[in-house]
Amino acid sequence: MVEFEEFVDEKGLVSEAVNILTTAGNLGLIGYTGSGKTLLAYTLARRLKVPIFPEQVCRDTDKWTLLGHDILVGGNTVFRPGIVVKWLQSEKGGVLYLDEWNTGDPSVLSVLNSISDWRRSVYIPELDSEFKRSERHFIILSMNPETRSEYSGRFQVDIAQRRRYVWLWVDYLSPNAEREYLWKLVGKSQEHKKCISKLVEWANRTRELYKVGELRLPVTTGNLKDAVRLVVEKGMDVNRVVEILSYMYPTEVEREKVLALWAKME
Ligand SMILES: Nc1ncnc2c1ncn2[C@@H]1O[C@H](COP(=O)(O)OP(=O)(O)OP(=O)(O)O)[C@@H](O)[C@H]1O
Ligand SMILES: [Mg+2]
């Protein structure tokens with residue numbers, strides 16, 4: 001088990017999301033990479049006291065990845081359930097969490113349609129049975145905004161799908177909240193207050209460039225947590241830590257851009 005991270009809830013998203021899930025049952029999260037969608041989904045499952053059934057959707061994900069398929073075991077065909085069937089079989093309910101669901105095969109939609117609307121069930125021909133969803137079976141979809149090509153999915157999120165979900169926008173923490181969170185994380189060290197402020201400001205500049213498409217990645221809260229720990233807990237030089245972080249950028253052009261942003265900030 002990994003230690004559970006605290007979700008800093010600046011905008012009161014947790015209670016809104018719980019309200020939506022306990023009435024509509026279906027929640028969509030939209031937000032840029034690293035804005036906290038996955039952490040929020042896990043936080044919600046904990047809050048609702050149900051297990052989470054997560055699936056990272058990708059190009060290869062289709063209807064049968066989610067529902068399950070027949071496999072051969074010692075000459076016999078056995079049905080191997082996919083995440084959706086495991087979730088529906090869970091007696092205490094659960095959160096079905098489909099990360100980047102819009103990047104999957106269009107057949108994913110047909111599964112989602114039947115379990116998201118009033119039918120609230122799915123039929124599995126292999127098992128000749130109908131699986132029903134209870135009041136404690138929640139669905140959370142997540143996606144990145146579709147404004148930029150590398151994040152747009154395999155299919156247009158159709159209107160029919162939109163109306164079955166209530167969508168919440170998840171944004172990066174504000175500089176104030178992020179500073180406060182990171183500072184608390186390292187025991188409110190007075191000595192490192194300035195350094196943390198500078199890192200937060202730098203990260204925010206990378207996020208601006210990311211939003212306009214000049215960088216393919218932003219420096220996220222997760223990245224800053226690592227950076228601050230390396231500086232405060234391990235005594236590393238902050239300039240070196242920034243240089244190390246810059247290696248996550250896939251091209252030299254982007255790397256130089258983020259290093260230049262850092263150099264400009266004194
Ligand atoms: N509100 C927040 N409170 C605490 N930590 C956060 C918050 N938002 C982001 N983080 C940190 O950033 C990391 C990345 O967040 P997460 O993986 O949830 O983002 P995501 O929106 O799911 O990104 P992606 O779209 O790439 O999947 C988290 O592990 C956490 O350390
Ligand atoms: Mg995620």
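**Exercise 1.** State what separates the centres of domain 1 and domain 2, and which contacts join the two domains.

*Solution.* Start with the bounds: the assignment, automatic or from a database, gives domain 1 (13–169) and domain 2 (175–264). Taken over C-alpha atoms, the centres of domain 1 and domain 2 are 33 Å apart. Next, count contacts, where two residues qualify if their C-beta atoms, placed from the backbone, lie within 7 Å: 4 residues of domain 1 touch 6 residues of domain 2. This is a predicted model, in which local features need pLDDT of at least 70 and side-chain atom pairs count only at pLDDT 80 or more, while totals for chains, interfaces and linings use all residues. Residues are numbered from 1 along each chain as its sequence is written, and chains are lettered from A and ligands numbered from 1 in the order in which they are written.

**Exercise 2.** Give the strand order of the open sheet and explain why β2 and β9 each have one side without a neighbour.

*Solution.* Strands are DSSP runs (E, at least two residues), numbered from the N terminus; two strands pair if DSSP finds at least two bridges between them. The order is β2-β5-β8-β1-β9, with parallel pairing. β2 (52–56) and β9 (166–169) are at the edges with a single partner strand each, so one side of each lacks a neighbour in the sheet.

**Exercise 3.** Which domains supply the shell around ligand 1?

*Solution.* Ligand 1 is surrounded by 17 residues (C-beta atom, placed from the backbone, within 6 Å). Domain 1 (13–169) and domain 2 (175–264) each contribute at least three.

Notes:
Helix = DSSP H or I, 4+ residues; strand = E, 2+ residues; numbered from the N terminus.
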